[in-house]
Amino acid sequence: MSSDSSQSPPDRRGLIAFAWLWVGTPLVYGVYELVQKATQLFTG
């Protein structure tokens, strides 16, 4: 084993959370708009 295997990997939970928010926020907004437009389309 290498000598640096005893070190823990860097904590990237903050970066992962930020990346999910960066992608998820516009995605949720787009789905919301899609549902609104589809509702208007099918209900008149």
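Colleague: In which helix do Phe18 and Trp22 lie, and how many residues apart are they?

Modeller: Please note that this is a predicted model. Phe18 and Trp22 both belong to helix α1, which spans residues 13-43. They are four residues apart, about one turn of the helix. The protein chain has one helix and zero strands.

Colleague: How many aromatic pairs does a search of the whole structure find?

Modeller: The search finds one aromatic pair. Phe18 and Trp22 form it, with 5.7 Å from centre to centre and 35 degrees between the planes, a tilted arrangement.

Colleague: Does Trp22 count as buried or exposed, and why?

Modeller: The cut-off for exposed is over 50% relative accessible area. Trp22 counts as exposed because its relative accessibility is 63%. Of the 44 residues in the protein chain, 2% count as buried.

Colleague: Which residues make the nonpolar surface patch?

Modeller: Leu15, Phe18, Trp22 and Val23 make this patch of about 500 Å².

Colleague: How should I read charged side chains, and which residue forms a salt bridge with Asp11?

Modeller: In general, side chains of opposite charge can pair when their charged atoms come close. Here Arg13 is the partner of Asp11, and their closest N and O atoms are 3.1 Å apart. A search of the whole structure finds one salt bridge. Both Arg13 and Asp11 are exposed.

Conventions: Residues numbered from 1 in each chain as written. Predicted model: local features only at pLDDT ≥ 70, side-chain atom pairs only at ≥ 80, totals over all residues. Heavy atoms only, no water. Helix = DSSP H or I, 4+ residues; strand = E, 2+ residues; numbered from the N terminus. Buried < 20%, exposed > 50% of the residue type's maximum accessible area, 1.4 Å probe, protein only. Phe/Tyr/Trp six-rings, centres within 6.5 Å; stacked < 30°, edge-to-face > 60°. Patch = residues over 30% accessible without salt bridge, like charges linked within 9 Å, V, L, I, M, F, W, Y side chains within 5 Å. Areas by Shrake-Rupley, 256 points an atom, 1.4 Å probe, with all protein chains shown as cover. Salt bridge = Lys/Arg side-chain N within 4 Å of Asp/Glu carboxyl O.
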